[in-house]
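Please look through the structure below before reading on. The report that follows describes selected parts of the chain, from single contacts to the overall pattern.

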Amino acid sequence: MNFFYSKDNLVALHFKYDQARRRFVEWAQNEIAFVPDFHKRILFSDEAHFWLNGYLNKQNCRIWSEANPQVYVETPLHLEKLTVWCALWAGGIIGPYFKNDEGHVTVNGDRYRAMITNFFIPEMNNHDVQELWFQQDGATCHTARATIDLLKDTFGDRLISRFGPVNWPPRSCDLTPDL
């Protein structure tokens, strides 16, 4: 299948994402109008991968430089890595949760749900987090039907996620708390 993006296609795509972000912001502003500290009641969550050989994942950080260093680093296809997950809100942090992927390339729905069930929910129960909202990005493992169902069982309608009761807009920053 060939995908060709014209300028009009890209403009339409950006418009679609902008509209989704605007709907989310309007929803959040409405919530803040009723509960002024609403933004402090959201558990923002995400995970990051750290390679154990020193490889730098450009997705995890940005390096600014005036010159291109023209560096080439040859790396094996599947490097040993450590995945770290946490959730944070105005009241603190749940985590970090460390997972050595032991050859697994990605976090899948089964592994993510196991972390939620065996780590996140028990840890959450150790904090005073009644009526908190849970936010996650649109990663496939986060949005699998079984994952959304598990999170709805825990948070009800207080779930901000792609395919959740409150849609997390595509192409949005993962962690956006303004605490």
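In helix α2, R113 and D110 stand three residues apart, which is about one turn of the helix. The model is a predicted one, and in it the side chains of R113 and D110 form a salt bridge, with 2.6 Å from N to O. How exposed are the two partners? R113 has a relative accessibility of 17% and therefore counts as buried, since the cut-off for buried is under 20%. D110, with a relative accessible area of 54%, is exposed.

The whole structure holds two salt bridges by this search. In the other, R41 is joined to D37, and their closest N and O atoms are 3.4 Å apart. Here R41 is partly exposed, with a relative accessible area of 34%, and D37 is partly exposed as well, at 33%.

| Salt bridge | N to O distance | Accessibility of Arg | Accessibility of Asp |
|---|---|---|---|
| R113 and D110 | 2.6 Å | R113, 17% | D110, 54% |
| R41 and D37 | 3.4 Å | R41, 34% | D37, 33% |

The largest nonpolar core has 20 residues, and the members that touch the most other members are L43, W85, I94, F120 and F134. Strand β2 (81-89), helix α2 (109-125) and helix α4 (145-155) each contribute at least two residues to this core. Which of these elements gives the most to the core? The answer is α2, with seven residues.

L43 shows what such a position looks like in terms of contacts. Leaving out residues up to four places away in sequence, L43 touches A87, L88, W89, I94, F120, M124, L132, W133, F134, Q135 and F155. Another core, of 10 residues, lies apart from the largest one, and I42, W133, V166 and W168 are among its members.

Are the rings of F134 and F155 stacked or edge-to-face? Their planes meet at 15 degrees and their centres are 5.3 Å apart, so the pair is stacked; the cut-off for stacking is under 30 degrees. This pair, too, links distant parts of the chain: F134 is in strand β4 (residues 133-135) and F155 is in helix α4, 21 residues apart. F134 is buried, with a relative accessible area of 0%, and F155 also counts as buried, at 2%. W85, Y97, F119, F120, F134 and F155 form one aromatic cluster.

F155 leads on to helix α4. The buried residues T147, I148, L151 and F155 are found in this helix. Why do they lie on the same side of α4? They cover an arc of only 95 degrees around the axis, and this puts them on the same side of the helix. R145 and D153, on the other side of α4, are exposed. Just after α4, G156 takes a positive phi of about 65 degrees.

Another glycine, G138, sits in the loop between β4 and α3 (140-143). With a relative accessibility of 30%, G138 counts as partly exposed. What does G138 touch, not counting residues up to four places away in sequence? Its contacts are T143, R162 and W168. The C-alpha atoms of G138 and P170 are 7.0 Å apart, although 32 residues separate the two along the chain.

Last, the chain as a whole. There are four helices and five strands in the chain, and along the sequence they follow the pattern α-β-β-β-α-β-α-α-β. The chain has 179 residues, of which 32% count as buried. Among contacts with a separation of 6 or more, 67% are between residues 24 or more positions apart. The chain exposes about 12,300 Å², and carbon and sulfur atoms supply 53% of that area.

How values were computed
Residues numbered from 1 in each chain as written. Predicted model: local features only at pLDDT ≥ 70, side-chain atom pairs only at ≥ 80, totals over all residues. Heavy atoms only, no water. Core = buried A, V, L, I, M, F, W, Y, C linked by side-chain atoms within 4.5 Å. Buried < 20%, exposed > 50% of the residue type's maximum accessible area, 1.4 Å probe, protein only. Contact = heavy atoms within 4.5 Å. Arc of directions from axis to C-beta. Phe/Tyr/Trp six-rings, centres within 6.5 Å; stacked < 30°, edge-to-face > 60°. Salt bridge = Lys/Arg side-chain N within 4 Å of Asp/Glu carboxyl O. Areas by Shrake-Rupley, 256 points an atom, 1.4 Å probe, with all protein chains shown as cover.
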